[in-house]
Amino acid sequence: MRMDGVLKLYFGESNQPTPEYIRRAALQAMEAGFTFYTENAGLLSLREALAAYYLRKQNVALDPRREIVVTASGVQALNVVIRCVLDPGDEAIVLTPAWPNGSSIVAMANARPVEIPHPLRGDRYEIDWNAIEAAITPRTRLLVYTSPSNPLGWVATEADQDRLLELSRRHGLWLLADEVYDRLWYEGETPGAAVPSILRKATRDDAVVVAQSFSKSYCMTGWRLGWVIARADLAAKATQLNEFIVSHAPSFTQKAGETALRDGDPEIAAMLTRLKANRDYCIDALSRMKGLTIPRPEGAFYLFPRVEGLTDSFAFCRRLLEETKVGLAPGVAFGAGGEGSIRICYAADRTVLEPAMERLGRFLSRGH
Ligand SMILES: Cc1ncc(COP(=O)(O)O)c(C=O)c1O
């Protein structure tokens with residue numbers, strides 16, 4: 001982090017600033033007096049905006065007073081949900097490779113994360129249903145998955161969603177879907193179309209929770225704003241727990257979130273077109289390098305190539321950084337199934353991606 005001149009492809013964020021219309025909405029909200037405490041569940045006006053958004057994007061009707069909780073980021077959404085659901089000694093199945101915070105939060109709740117890797121078949125990741133069934137014990141309370149996935153770019157199919165729902169119903173588990181990348185999807189009818197949420201399939205009585213965030217879709221990583229959609233009993237608990245963690249997300253940030261939801265579609269579509277071009281550029285560059293298997297991501301903004309013969313991705317990334325000043329994330333950071341791969345965030349500008357790909361190619365051609 002202290003090295004100068006690094007081509008940074010390690011963080012999960014774009015280098016685009018928050019769009020101007022969202023920044024302006026926050027300034028106006030401050031001027032209008034949104035500088036005080038709000039409800040623990042967040043401003044009702046934002047929860048209503050979220051309900052309207054789900055009706056528009058997912059054709060899902062939600063009760064803004066009972067089923068939506070605003071949180072101070074996606075990670076805080078995961079935090080309150082996981083802490084509500086797990087008691088010490090419980091177990092949670094986490095599909096990996098995944099952003100490591102899910103497993104860490106499970107561990108912080110004094111519960112045990114049981115990581116089940118997505119197997120790679122051909123150039124597509126799948127779900128290892130047998131391994132999940134075998135891992136379920138009387139202490140298993142929760143199954144966590146991420147779609148679109150960080151770091152895989154994998155997106156759950158409709159059949160996957162049906163089966164996850166059936167499995168969680170049959171075993172009496174909570175099903176937690178991290179959908180923070182739902183707007184970064186390359187297979188939709190139009191750029192920026194949302195990946196169909198698990199909420200389309202779940203009834204409002206199902207033990208299903210969605211963790212969400214403004215960070216990725218609206219380039220608002222530093223704002224810390226997210227939300228939870230949950231069955232009403234869990235939403236009530238998450239609201240209570242919010243009080244003891246951060247109480248609520250900042251008031252003017254919440255107001256800006258309303259504007260983002262209402263006016264954000266054109267910017268998201270433009271971003272998706274740019275990201276798709278970046279993805280295709282990087283896949284093309286990587287496919288000309290020797291010894292890489294490059295699963296084709298359907299969503300998010302990551303590539304997760306597997307490097308032939310690689311057993312220490314941390315050492316690989318460290319050497320790559322020191323010798324070429326290209327910063328990537330080691331696959332080992334993403335839990336079971338991650339070792340042997342490297343994560344490339346392609347949300348950067350071409351002026352960064354092009355030299356980074358060129359240096360990575362040269363590094364790999366020297367052997368690792
Ligand atoms: C899969 C996943 N979930 C949640 C988050 C949390 O995002 P934030 O806390 O910025 O809202 C991230 C951020 O990288 C992520 O990759």
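Helices and strands are here DSSP runs, a helix having at least four residues and a strand at least two, and they are numbered from the N terminus. On this basis, Lys325 is found in the loop between helix H10 (313-324) and strand E14 (326-327). The model is predicted.

Lys325 is not a glycine, yet its phi is positive, at about 60°.

With a relative accessible area of 13%, Cys219 is buried.

Two cis peptide bonds are also present in the model: one runs from Ser147 to Pro148, with omega near -10°, and another from Asn150 to Pro151, with omega near 20°. Pro148 is placed in the loop between strand E7 (140-146) and helix H6 (158-171). Pro151, too, is found in the loop between E7 and H6.

**Helix H3 and its contact with H7**

Helix H3 comprises residues 74-85 and helix H7 residues 232-245; their axes are 9 Å apart and the packing angle is about 115°. The two helices are therefore roughly perpendicular to each other. The crossing in which H3 passes H7 is right-handed.

Which residues make this contact? From H3 come Gln76, Asn79, Val80, Val81, Arg83, Cys84 and Val85, and they meet Leu234, Lys237, Ala238, Leu241, Asn242 and Ile245 of H7. Sorted by class, the H3 contact with H7 contains eight nonpolar, three polar and two charged residues.

The length of H3 agrees with expectation: at 1.5 Å a residue, its 12 residues should span 16 Å, and the C-alpha atoms at its ends are 17 Å apart. H3 is also mostly covered, with nine of its 12 residues buried. Among the buried residues of H3 are Gln76, Asn79, Val80, Val81 and Val85, each of which also takes part in the contact with H7. Gly74, Ala77, Leu78 and Ile82 of H3 are buried as well.

**Contact of H1 with H8**

A second pair is formed by helix H1 (residues 20-31) and helix H8 (residues 251-263), whose axes come within 8 Å and cross at roughly 140°. That angle makes H1 oblique to H8. H1 passes H8 in a right-handed crossing.

On the H1 side, the contact is made by Tyr21, Ile22, Ala25, Ala26, Ala29 and Met30; on the H8 side, by Phe252, Lys255, Ala256, Thr259, Ala260 and Asp263. By class, the contact of H1 with H8 comprises nine nonpolar, one polar and two charged residues.

| Residue | Relative accessible area |
|---|---|
| Ile127 | 6% |
| Ser103 | 10% |
| Ser14 | 16% |

Ile127 lies in the loop between strand E6 (124-125) and helix H5 (129-135). Not counting residues up to four places away in sequence, Ile127 touches Leu95, His118, Pro119, Ile132, Trp154, Asp160 and Leu164. Between Ile127 and Val69, which are 58 residues apart in sequence, the C-alpha to C-alpha distance is 29 Å.

Ser103 is found in helix H4 (residues 101-108). With residues up to four places away in sequence left out, the residues touched by Ser103 are Val94, Pro113 and Glu115.

Ser14 is placed in the loop between strand E1 (7-8) and H1. What does Ser14 contact, leaving aside its neighbours within four places in sequence? Ser14 is in contact with Cys219, Arg274, Phe301 and Ala347. Ser14 and Ile116 are 102 residues apart along the chain, and their C-alpha atoms are separated by 29 Å.

Technical notes. Residues are numbered from 1 along each chain as its sequence is written. This is a predicted model: local features need pLDDT of at least 70, side-chain atom pairs count only at pLDDT 80 or more; totals for chains, interfaces and linings use all residues. Side-chain values use heavy atoms; hydrogens and water are left out. Axes are lines fitted to C-alpha atoms, for helices over the stretch in contact, and angles run from 0 to 180 degrees between N-to-C directions. Angles under 35 degrees count as roughly parallel, over 145 as roughly antiparallel, 65 to 115 as roughly perpendicular and the rest as oblique. A crossing is left-handed if the near helix is turned anticlockwise from the far one by less than a right angle, and right-handed if clockwise. Contact means heavy atoms within 4.5 Å. Ala, Val, Leu, Ile, Met, Phe, Trp, Tyr, Cys and Pro count as nonpolar, Asp, Glu, Lys and Arg as charged, and the others, Gly among them, as polar. The expected span of a helix is 1.5 Å times one less than its number of residues. Buried means under 20% relative accessible area, exposed over 50%, partly exposed in between (1.4 Å probe, protein chains only).
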